[in-house]
Amino acid sequence: MAKSDGPDAKPDLRLVAAEAEIYNLMKAPETTAERVKRLQLEAHALALEEVEALEKLLLDAASKARAIADGGDAYPVGARELASRLATDLPNRAETLRTIIHRVS
């Protein structure tokens with residue numbers, strides 16, 4: 001689909017993931033079993049992406065917690081204490097997730 005911004009309009013290009021399949025029109029339709037297997041593989045891949053995203057969020061939260069824990073008197077004492085415990089615990093939880101992911105994949 002081209003943009004209609006004038007004579008020098010450029011087409012609206014979209015990137016496709018490298019692992020995306022191109023449907024072969026000459027190929028026979030997939031069986032129900034093949035479709036189930038393909039959908040299960042896609043669901044598994046998406047689930048792994050979600051767990052990896054959670055791992056990243058945990059590490060980001062640990063970084064933020066470390067900044068608050070080290071923030072001095074600007075933060076309430078209780079908040080600094082909790083942030084200090086989170087900064088210690090969250091990287092361990094992220095490492096546990098990473099280990100689980102590598103065991104499964």
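What follows is a working chat about a predicted model of one protein chain.

Biologist: How many helices and strands are in the protein chain?

Modeller: The model is predicted. The protein chain has 2 helices and 0 strands. Helix 1 covers residues 32-69, and helix 2 covers 77-104.

Biologist: What span should helix 1 have, and how far apart are its end C-alpha atoms?

Modeller: Helix 1 has 38 residues, so at 1.5 Å a residue it should span 56 Å. Its end C-alpha atoms are 55 Å apart, which agrees with that figure.

Biologist: What share of the residues is buried?

Modeller: Of the 105 residues in the protein chain, 12% are buried.

Biologist: Which residues of helix 1 are buried?

Modeller: Leu48, Glu55, Leu58, Ala62, Ala65 and Ala69 are the buried ones in helix 1. Helix 2 is part of what covers them.

Biologist: What does Glu55 touch, leaving out residues up to four places away in sequence?

Modeller: Glu55 touches Ala94, Leu97, Arg98 and Ile101.

Biologist: Which residue forms a salt bridge with Glu55?

Modeller: Arg98 does, and the closest N and O atoms of the two are 2.6 Å apart. The pair links distant parts of the chain, with Glu55 in helix 1 and Arg98 in helix 2, 43 residues apart. Side chains of opposite charge can pair when their charged atoms come close.

Biologist: Is Arg98 buried, partly exposed or exposed?

Modeller: Arg98 counts as partly exposed, because its relative accessibility is 26%. Glu55, at 10%, is buried.

Biologist: Which other residue forms a salt bridge with Arg98?

Modeller: Glu95 forms one with Arg98, the closest N and O atoms being 2.2 Å apart. Arg98 and Glu95 are 3 residues apart in helix 2, so about one helical turn separates them. Glu95 is partly exposed, with a relative accessible area of 39%.

Biologist: Now Asp89. What does Asp89 form a salt bridge with?

Modeller: Asp89 pairs with Arg93, and their closest N and O atoms are 3.3 Å apart.

Biologist: Where do Asp89 and Arg93 lie?

Modeller: Both are in helix 2, 4 residues apart, about one turn of the helix. Asp89 counts as partly exposed at 32% relative accessibility, and Arg93 counts as partly exposed at 48%.

Biologist: How many salt bridges does the structure hold?

Modeller: The structure holds 8 salt bridges. Elsewhere, Glu30, Arg38 and Glu42 are linked in a network of them.

Biologist: Back to the whole chain. Of the contacts between residues at least 6 apart in sequence, what share joins residues at least 24 apart?

Modeller: For the protein chain that share is 47%.

Notes:
Residues are numbered from 1 along each chain as its sequence is written. This is a predicted model: local features need pLDDT of at least 70, side-chain atom pairs count only at pLDDT 80 or more; totals for chains, interfaces and linings use all residues. Side-chain values use heavy atoms; hydrogens and water are left out. Contact means heavy atoms within 4.5 Å. Buried means under 20% relative accessible area, exposed over 50%, partly exposed in between (1.4 Å probe, protein chains only). The expected span of a helix is 1.5 Å times one less than its number of residues. A salt bridge is a side-chain nitrogen of Lys or Arg within 4 Å of a carboxyl oxygen of Asp or Glu.
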